[in-house]
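Hi,

Here is the structure I promised to pass on.

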Amino acid sequence: MSRPAEKPALKPNDLEAFWMPFTANRSFKKRPRIVVRAKDMHYYTAEGRAVLDGAAGMWCCNAGHNRDTIVAAIRAEAETLDYAPPFQFAHPKAFSLASRIAALAPGDLDHVFFCNSGSEAVDTALKIALAYHNVRGEGARTRLIGRERGYHGVGFGGISVGGMPNNRKYFGSLLAGVDHLPHTYNREEQAFTKGEPEWGAHLADELERIVALHDASTIAAVIVEPMAGSTGVLPPPKGYLQRLRAICDKYGILLIFDEVITGFGRLGHAFAAERYGVAPDMITFAKGVTSGAVPMGGVVVRKGIHDTFMRGPEHAIELFHGYTYSAHPLACAAGLATLDLYRDEKLFERAKKLEPKWADAAMSLKGLPGVLDIRTVGLTAAIDLASRPDAFGKRAFETMDRAFHEDDLMLRVAGETLALTPPLIITESQIGEMFEKVAKVIKAGA
Ligand SMILES: Cc1ncc(COP(=O)(O)O)c(C=O)c1O
């Protein structure tokens, strides 16, 4: 039998084998944007260029990069406990971190289920919602309601309830029995609003229409991002989330807030639920829980939901769900050190204090060529750009590329929107520097 030809050795700088996620691979590989290290507010390239991080990595490095205490905690845990099985066994830090996260969540959201990403957190929350109704004898409640323009990760559950067409249209029929609320953006009514727009609370009433269509007895849960991040920063209209809560309560429908982006200080509070004074039944989280240093996600669940599962013989598993790496020791160690930093440096309060300055700085770009709208909330900002004829997304893409290569700034794009979401340690002068760079790069691409 002939042996397969040996694969050619990869050159150290061969970019071919890595099929990059959510990336324009061919153009990246012609002109790569590669970083090799990071510290605090900056990434560094191999040539030593310092790139100001306008994106907190990907909305996750809320405490800044390579913080000493987080690094030390990960290192110490790796030397002590590399892995512990989370099914039927455990390690102490899993319980400590769950208690710390539960203490940050509102009301009786006091039990935490761990996983490894936002996508897993969403699928976990949806499964808990379905199983909860099932174990209480309302197994007909199987419908899930998401929202247009929502992003809930890339699992089949998440793309089914999500509302971004490109994330859905290639992937078959998705979960059955999913409906969507309308998104809450209307440029005519809301353009250049700082924070939550006045217009749009009535859109929550669309849930009444969906209930009337399907009957409440078939609906398990509604899932929304309190602030829709990945689609380009859509803060909730004033009163919208309160109305959703009230309608869910009226019909016994669970309300899930996907706080993968909004959790851990992004909107000036531990969770957006606190900012808006609305307690959902479950909160999904990921990203900021470890400041991006080790993958981790999870769901915070109300006591009543958790307790509903705690029946039957005590030797029996109550929820048939979990991951090999749920509550991984390195993630738990990173999470505990991260929560210490958030507390000791008062980073959530810092985000809240900086919000007015941040919003002013962002709005100063109004009037630049091609800027159609600017939205801000907490330490996030989105800038909608006018598309070039027949090339939707090209202008924002080129702006992001130019910002990295020529202006030493990392920002994110969604369609034709630039998004800025820096680490919460950003200083006032760095806010100024960031928006100067953004202004320059927008003008250059005009
Ligand atoms: C609201 C929301 N949910 C879920 C996810 C998916 O998280 P992950 O990429 O960790 O799976 C994201 C990622 O940006 C998100 O913004």
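**Around the ligand**

By class, the shell around the ligand is made up of 7 polar, 5 nonpolar and 2 charged residues. Please keep in mind that this is a predicted model. Among the 14 residues around the ligand, those that come nearest are Ser117, Gly118, Ser119, Gly153 and Val260. Helix α5 (residues 118–135) supplies the largest share of this shell, with 3 residues.

**The nonpolar core**

The largest nonpolar core counts 126 residues. Ala221, Val222, Leu244, Ile256, Ile283, Val300 and Leu418 are the ones with the most contacts inside it. The element that gives the most to this core is helix α13 (residues 329–344), with 9 residues. Domain 1 (25–63 + 346–444) and domain 2 (70–344) both contribute residues, so the core lies between them.

Beyond its neighbours within four places in sequence, Leu418 is in contact with Ala382, Ile383, Leu385, Ala396, Thr399, Leu411, Val413 and Val438.

**Lysine 357**

I also looked at lysine 357, which sits in helix α14 (residues 347–363). Is lysine 357 buried or exposed? It counts as exposed, because it has 12 C-beta neighbours inside 10 Å and the cut-off for exposed is 12 or fewer. Not counting residues up to four places away in sequence, lysine 357 touches Glu428 and Ile431.

Happy browsing, and best wishes

Technical notes. Residues numbered from 1 in each chain as written. Predicted model: local features only at pLDDT ≥ 70, side-chain atom pairs only at ≥ 80, totals over all residues. Core = buried A, V, L, I, M, F, W, Y, C linked by C-beta atoms within 7 Å. Buried ≥ 20, exposed ≤ 12 C-beta atoms within 10 Å, placed from the backbone. Helix = DSSP H or I, 4+ residues; strand = E, 2+ residues; numbered from the N terminus. Domains from an automatic or database assignment. Contact = placed C-beta atoms within 7 Å. Near = placed C-beta within 6 Å. Nonpolar A, V, L, I, M, F, W, Y, C, P; charged D, E, K, R; others polar.
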